Amino acid sequence: MSDLANKLLFLPERASTFADRIDFLHYFVVGTTMVASAGVGLAALFMFFRYRRRVENQTTEYVVPNLKTEFLFVSVPLVFFLAWFAIGFRDFTWFTTPPKDSMDVYVMGKQWMWKFSYPEGPNGVNVLHVPANRPVRLLITSRDVIHSFFVPSFRIKMDALPGRYTQAWFEATKPGTYQVLCTEYCGLSHSKMLAEVVVMAPEDYDTWIKEQRRGRLQDRQDALADNSLVPGTARMAEQGQKLAGTQGCLKCHSVDGSQHIGPTFLGMYDRMEHLQDGQNIRVDEAYITQSMMDPGAHIVAGYQNVMPTYQGKLQGPESAAIVEYIKSLRTANVREGASEGPAYDPIQ
Amino acid sequence: MTPSSSIAAPGAAPGHEAHHDEHGDHPSYLVDGTTVKSWLLTVDHKRIGIMYMFWVLLFFLVGGIFALMIRLELLTPGPTIMDAMTYNRTFTLHGVVMIFLFMIPAIPAIFGNFMLPLMLGAKDVAFPRLNLLSLYVYLAGAGFALWGMLNGGLDTGWTFYTPYSAHTTTTVAPVLFGAFIIGFSSILTGMNFIVTAHTMRAPGITWFKMPLFVWALYATSCIQVLATPVIGLLLLLVSAENLFNLGMFDVARGGDPVLFQHLFWFYSHPAVYIMVLPAFGVMSEVVSTFSRKNIFGYRAVAYSSVGIAFVGFFAWGHHMFVSGQSTFDAGIFGALSMLVGVFTAIKVFNWVGTVYKGAVEFTTPFAYFCGFLFFTVFGGMTGIAVATVSLDVAWHDTYFVVAHFHFIMVGATIMAFLAALHYWFPKMFGKTYHEGWGLVSAALIILGFNATFIPQFLLGNAGMPRRYYEYPERFQALNVASTAGASLLAFGFVIIALYLTWALIYGKRVDNPWGSKGYEWLTASPPPTHNFVGPQPTYPEEPHFYVDPKKAEVSDAV
């Protein structure tokens, strides 16, 4: 029954407890709307025919409503409207009050991407991993203009405001991938500000987040190990920065997150990239180096194969320096330790 | 200044042209002075109404072209005919032109100007020169806005939300300043109408004998006078922010990004009623005339106009349910929004009730009345749906909202605008149009409108956000359907333009083809310059009194 209604109304699949909760009211309101419009329309049509004009300059009776009719005109719609308001407000209050045990994720919108960070890491861009059947509270803010975080399958939406935190929560009901859309106009690429929520079975999620956090630790140890052998990543990154300028890397790759001819360097290291051939790849030292020497080998989806090879133009230490430079360009909100919490008190 | 001293039209002396013989020394306003100057400097409310009509229709054409460009671009999920920046400017200009240059002045400035004095038995509005000034203020504002559009346009959406509008590099300030100037035109017209309704009613026309179109204009004017200053102030603030970077809406400097939204909707929500209340007024006249009945529940319809105008001021927060406002605020605004629905429902029931025991003639204006009923009920009820707080969480800023306001605000207003155009065409020009073409184009427009916006309701359900240049492929089928509907709609308008232009030149001469007993029909069509010839008409009956004089006693209430 509700599947049929969903299809008829073009509603996306229901994948959160909030969606389960409000869709009934949706059917009720939209159904009543249709019945009422048809009712008024049919009554009008019937009367147009029944009381059609029979002679020119026909005279008519003087008819005025009595108190009972007027009372009905007011009370019938009022009863329906207030009932919808009451049910709707109850559900809205539920939506604005996250359960105490919900897990927090910080969400930051910026032109034109979504960044997600977990209080104890990791951080991600445009992909949010959450467990099914556990409440998740999103603490949402924006770095520039107003954005709005919308997941149609969850029926949830909340504006991302610069300098303020808003909150929204949901409990996903089944594993899968669900699209996130920005619903507050935010400039040129507003319609490309897409992300996805990956809902995992709770046990898969626990494994995933452990791996993420261990992986990060591993990176740090690697970095420490490197430091003991070479002059120091900081100086290498500095050298890489100069090289990126002189070798022309920055003509096509931005360092501020904006899309250009090539993918931005900001946050590139350790990112999962979707490739043109449909595969995914984690950006690591090997991939970055390969991309410098044989740029056409793995093209990131959405980009053209236009980069010249740097085989022979860069010496080994030079390419390593550029890799270090890219590694240093982690997104600013990357946090290795525990979360510092929102800059403003979250809404109670 | 007494009104009667100021209404002598400048220009040619009346009465010397041969084809005025039917009115002797009282030529119709159309030919009383034929120089360009006699039109441009006229203080005659009827000529001012006609000049408004020319400009408003021109801007309607411009806005319509922008609309078609949007629909063409959305035919395919990717880029179709323009780049993202052009698209963002196009939908912004579509909104700005349609709202500020077409919808707000459409019915009040054209038909309100023309009919209000006729309906009150007055020779003109209370301040005829102010009336002319409001036209030129409107044109000055439109000029500013157009200049801004030609010099790059702006890409903020017609809502101009900060902080985006404060940062964008496009030409924000001239367009906002243009809208600011147009606001003064709105205020002047509103003041003029309020004073006219209070002071210029002919003997015998009491408050509760005023035609319902006058009641609607009165309520609209109150909103215009009270709300427009707020948007004026706000548009200036945003222009200043954009030009001088003041930090008013910048959090980093202690500003508030959401403050803009509160101020904006404090005007723009009531502005919806500026557009739709005159439409309600027109329909009250049309349904009475064509079913030859007094309006069912006159006082209920009159009071509900005032009720909507009042409650409309306290419902603005329903545009901001997911903007981070408190749950408590959302509850208050949600409940108050329901009241607007109740007032509208009262009107709908009374319009349908008017037909009861009437004598319906199914003409073009009546066809638009049918379309209007459907758009008002369906559009109004979907308004209740989006005012239901929990459901709005999903629908906010999706195509559902776009479809909803195009149904209620645009659909109802366009229906009323076209009904008024056809119903009062003989009144304004003394000629009539081809009824068959009228019905054909009405059918095309009503069908086209539904075909355009019903797919958009479904797109909103499916989750397609507003103002999207590109969209995921699953939304394409419905977008194609919507574009097809828009073409049908455009085609209907082209037919109207053709047969009305033809009627203007070759149309059959008529006086009161509908046999209407609205007060405005008591004088000749087209009316003479001073509206009435000979002694002041008397108004012993209420408007639209079609009872046989032999059995005129009031029958039992139903």
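Predicted model: local features only at pLDDT ≥ 70, side-chain atom pairs only at ≥ 80, totals over all residues.
A residue is called buried here if 20 or more other C-beta atoms lie within 10 Å of its own.

## How chain A is laid out

Chain A splits into domain 1 (2-95), domain 2 (103-209) and domain 3 (230-328). If you take the centres over C-alpha atoms, domain 2 and domain 3 of chain A sit 27 Å apart.

## A covered strand

Now for β8 of chain A, residues 166-170: 5 of its 5 residues are buried. In a regular strand the side chains alternate between the two faces of the sheet. You can see that here, with A:T166, A:A168 and A:F170 pointing one way from β8(A) and A:Q167 and A:W169 the other way. Both sets are buried.

Which way do β5(A) and β8(A) run relative to each other, parallel or antiparallel? They run antiparallel, and 5 bridges join them.

## Where the chains meet

Chain A puts 77 residues in contact with 81 residues of chain B. On the chain A side, the elements giving two or more residues are α2 (17-50), α3 (67-95), β6 (147-151), β7 (156-160) and β9 (176-182). The largest share comes from α3(A), with 16 residues. By type, the chain A side divides into 43 nonpolar, 22 polar and 12 charged residues.

## Nonpolar cores

The largest nonpolar core has 249 residues, and the members touching the most others are A:V107, B:M283, B:A416 and B:A419. Domain 1 and domain 2 of chain A each give this core at least three residues.

Zoom in on B:A419 and, leaving aside its neighbours within four places in sequence, you'll find it in contact with B:V282, B:M283, B:V286, B:P365, B:Y368, B:F369 and B:F372. There's also a second, separate core of 13 residues, which includes A:M236, A:C249, A:A321 and A:I326.

Most residues other than glycine have a negative phi, and most peptide bonds are trans. A few spots here go the other way. A cis peptide bond joins A:Q111 and A:W112, with omega about -5 degrees, and A:W112 lies in the loop between β1 (103-110) and β2 (113-117) of chain A. Over in chain B, B:T162 and B:P163 are also joined by a cis peptide bond, with omega about 0 degrees. B:P163 is in the loop between α4 (128-150) and α5 (164-167) of chain B.

Then there are two non-glycine residues with a positive phi of about 60 degrees: A:N133 and B:R467. A:N133 is in the loop between β4 (127-131) and β5 (136-142) of chain A, while B:R467 is in the loop between α14 (435-462) and α15 (476-506) of chain B. Are these two buried or partly exposed? A:N133 counts as partly exposed because it has 13 C-beta neighbours inside 10 Å. B:R467 has 23 other C-beta atoms within 10 Å, so it is buried.

How values were computed
Residues numbered from 1 in each chain as written. Chains lettered and ligands numbered in written order. Helix = DSSP H or I, 4+ residues; strand = E, 2+ residues; numbered from the N terminus. Buried ≥ 20, exposed ≤ 12 C-beta atoms within 10 Å, placed from the backbone. Contact = placed C-beta atoms within 7 Å. Nonpolar A, V, L, I, M, F, W, Y, C, P; charged D, E, K, R; others polar. Core = buried A, V, L, I, M, F, W, Y, C linked by C-beta atoms within 7 Å. Domains from an automatic or database assignment. Pairing = 2+ DSSP bridges.
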